[in-house]
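Subject: Structure for you to look at

Hello,

Please find below the structure I said I would pass on. My notes come after it.

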Amino acid sequence: MASYRFLLLFSVMLVPASVYGEGFSGIAATGKVHKRFRREWIWNKMHISEEKNETLPHHVGRIISSIQNPNAMYLLEGDGANSIFKVDEHTGDVSAYERLDREQKAEYQLMAHILDRTTNKSLEPPSKFRIIVQDVNDNAPIFVQRVFNGSVLEMSPVGTSVTTVTAVDADDPTLLGYADVDYKVIKGENYFRIDKSGVIRTAVANLDREKKATYEIVVRAIDGKGLQAAESGTATVRITLIDINDNSPIFNPTTYHFEVLENITLNGEVGKLKVEDIDEPQNRNTKYSFAGGNFQDTFLIIPKPYTNEGIIKPKKPLDFEKISSYQFRVEATDGDIPYFNSKTKGSKSIATVNIRVIDVDEPPIFEKPSYMFEVLEDSDIKVPIGHVSATDPDRAKREIRYRVLRSNYFKISNSGYIFAERPLDREEHSWHNITVAANEIEHGRILTQLETHVQVYIKVLDRNDNAPEFAEPYQPGVCENASPGKVIIRISAVDKDEMLPGMKFTYSLTSEESNFTLIDNHDNTANITVKYGEFNRELVKIHYLPIIISDNGSPKQSSTNTLTIQVCKCDQAGKFTFCEEATKQVGVSIQVLVAIFVCILTIFVIVLLIVLRRRHKKDLNVLRKNVAEIHEQLVAYDEEGGGEMDTTSYDVSILNSVRQSGMTSPRMTQDPRPCVYSQVQKPPRHGHGLSGTGEMAIMIEMKKDEADNDGDLLPYDTLHIFGYEGAESIAESLSSLGSGSSDSDIDYDFLNDWGPRFKMLAELYGLEADEDFAY
């Protein structure tokens with residue numbers, strides 16, 4: 001206790017004069033005593049040790065003021081005031097009533113008041129002060145986490161850093177040795193070590209991931225006093241070894257046997273070579289090379305990433321007929337392994353590879369990958385253009401047949417000679433690219449599955465078979481008053497034949513009697529000039545000038561082209577003011593005519609279909625309208641009547657017999673069939689006389705009466721109603737069924753003058769007229 005009081009008083013004594021204020025009583029440098037002029041607090045800080053073992057309360061210090069007032073009363077306010085810390089209101093002594101822990105709170109902020117006990121007023125302004133808890137070394141270091149993780153490359157040298165662990169001591173670090181922490185590896189010390197800063201390092205240089213990939217060590221933390229926590233004073237460190245490329249590949253197995261078809265493609269796979277490499281996939285980089293055998297130009301080995309396999313592929317086509325088997329040795333190495341990391345130190349893994357080629361029936365093989373021929377245009381089609389040849393690569397050596405695919409210009413013989421189907425024209429096609437197919441023949445049958453194609457390029461050489469002509473349709477004009485030598489136009493020519501650099505055109509007039517002159521410029525152009533001048537539009541408005549254009553080819557070709565020159569009216573400056581247009585020949589090609597004809601025919605067919613459809617709809621409407629009026633049985637009449645001379649076309653006696661025997665109602669007989677007379681067959685002819693005049697009319701009237709009197713069923717008679725007859729005829733209906741009740745005033749006596757064939761018709765209409773008259 002005495003020591004703490006000494007410290008408190010000593011700290012108060014050391015407060016600078018400025019704290020006590022101006023005028024504080026003390027000894028100045030002159031040795032004179034000064035009186036204070038202003039009262040002031042003379043302290044600001046106290047100390048107390050944590051975790052004191054003495055009996056409570058613990059004295060902390062005293063509030064000191066220069067006031068000398070017997071009524072002065074001290075009070076506290078702030079952190080822990082009147083609970084942890086209390087002050088003696090008379091003396092100002094401050095005491096702690098609880099044991100303090102610096103690790104929980106190291107400093108308390110308080111405010112001291114001095115009041116007048118009688119008036120309860122402040123004698124001095126309040127003053128702030130601090131109570132500082134002094135530390136004692138009572139805490140063991142604790143790790144910030146229970147588990148740490150670290151990693152290091154395998155085969156790293158001794159002392160390589162792995163990771164860092166951290167433990168903290170809650171004691172005051174400003175006090176010497178209080179917060180110091182020491183570390184120690186208590187598990188795994190044979191492989192790793194730790195220094196005072198908590199850095200874990202390798203203790204050996206031969207840590208091999210392939211033997212052991214992870215390590216788990218335990219580290220302990222101790223402070224300078226030797227304190228250590230039971231649980232939190234230790235930590236587990238998990239260390240992972242990172243793989244490096246330090247293992248060479250090894251063949252497994254060391255002998256390989258493969259079979260491959262001889263028609264394998266160049267990108268095809270013959271087989272796979274497998275090696276064992278215990279490194280991680282990203283650290284494997286196996287290289288395959290030929291160690292023996294002369295087949296490096298035939299095969300190549302491509303390493304496959306991640307799987308580390310070696311894929312054998314052919315570099316050129318295989319031929320069973322030439323080489324049926326291959327044998328060679330392959331070496332597997334990893335060139336990325338550093339020598340100081342290599343565990344095998346130069347050892348090599350070698351495997352033997354055996355490849356057997358299997359024979360297949362292959363298609364023919366052409367002697368060349370492509371062919372190119374030249375032929376002169378318009379050559380004789382019987383002369384071959386060129387020859388292609390293919391053979392059977394197999395031992396069978398079958399016969400070969402050729403054909404040209406998709407071409408109308410060429411054909412090929414069985415022996416491979418190519419001919420033109422028709423004369424070739426370079427101006428139509430200067431190059432022809434055709435495809436020739438070759439097939440093997442077995443017992444006269446074409447083996448379509450064994451087919452090979454080859455491209456044939458045919459260049460058609462030019463022959464000078466076209467004459468030059470105007471480069472464009474010229475239509476120049478000339479003034480009436482043009483002077484001699486006036487250039488009217490410069491003309492040029494073109495040739496459909498191949499325009500070689502040495503091609504020259506010459507120009508000339510067919511006659512020198514015209515009023516124009518042609519001047520050859522010797523650069524494949526010519527000028528047309530006025531010869532005499534003074535043209536008269538009233539006499540000739542258009543001049544036609546024939547010009548001969550020739551080339552220098554072999555054979556020489558020439559043509560006559562007509563230049564149409566218009567005589568125009570011009571102003572004083574020589575500009576055309578009016579020209580007579582030359583009559584242009586308007587022509588229509590055959591293709592255009594065919595197109596026009598097809599369009600007209602299509603329109604005609606469409607219109608016809610529309611008309612027929614409308615008529616069909618109209619007939620259907622009429623038929624639907626009158627369908628309720630058609631109740632009779634349809635009777636087929638497939639023979640035309642003979643008129644008056646035919647007396648046996650209908651047997652009237654059967655009608656009479658039906659009438660005399662009586663006709664029963666169809667409802668009574670329950671027989672829906674029509675009456676017998678509707679199915680009467682024509683009796684054989686015995687003569688041409690009539691059984692009686694007017695008998696048919698009487699019979700029809702009787703049947704009409706029977707039908708009118710039967711109100712239950714439909715009449716089964718031969719009376720037919722044609723209500724839609726003659727709908728489209730300008731003569732309207734030609735039926736005579738309604739003529740008996742017509743009001744027509746026509747006199748039918750003229751029917752008697754038409755001859756014997758119309759005698760019966762004349763009698764019927766004459767009878768109808770008499771009946772009407774009698775009525």
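Predicted model: local features only at pLDDT ≥ 70, side-chain atom pairs only at ≥ 80, totals over all residues.

Residues are numbered from 1 along each chain as its sequence is written, and side-chain values use heavy atoms, with hydrogens and water left out.

The chain has seven helices and 45 strands (DSSP runs, helices being H or I of at least four residues and strands E of at least two, numbered from the N terminus). Of its 775 residues, 34% count as buried (under 20% relative accessible area, with a 1.4 Å probe and protein chains only).

S5 and S8 (residues 107–116) run antiparallel and are joined by seven bridges. Leu76 has Ala112 in S8 as its bridge partner.

Asn527 lies in strand S42 (residues 525–530). Asn527 counts as buried because its relative accessibility is 13%. Leaving aside neighbours within four places in sequence, the residues in contact with Asn527 include Val487, Ile489, Arg490 and Asn521 (contact means heavy atoms within 4.5 Å). The side chains of Asn527 and Asn521 are also joined by a polar contact of 3.3 Å (a pair of N or O atoms within 3.5 Å; within protein, one must be able to donate a hydrogen and the other to accept it, and residues adjacent in sequence count only if both atoms are side-chain atoms).

Regards

Note on methods. Buried < 20%, exposed > 50% of the residue type's maximum accessible area, 1.4 Å probe, protein only. Pairing = 2+ DSSP bridges.
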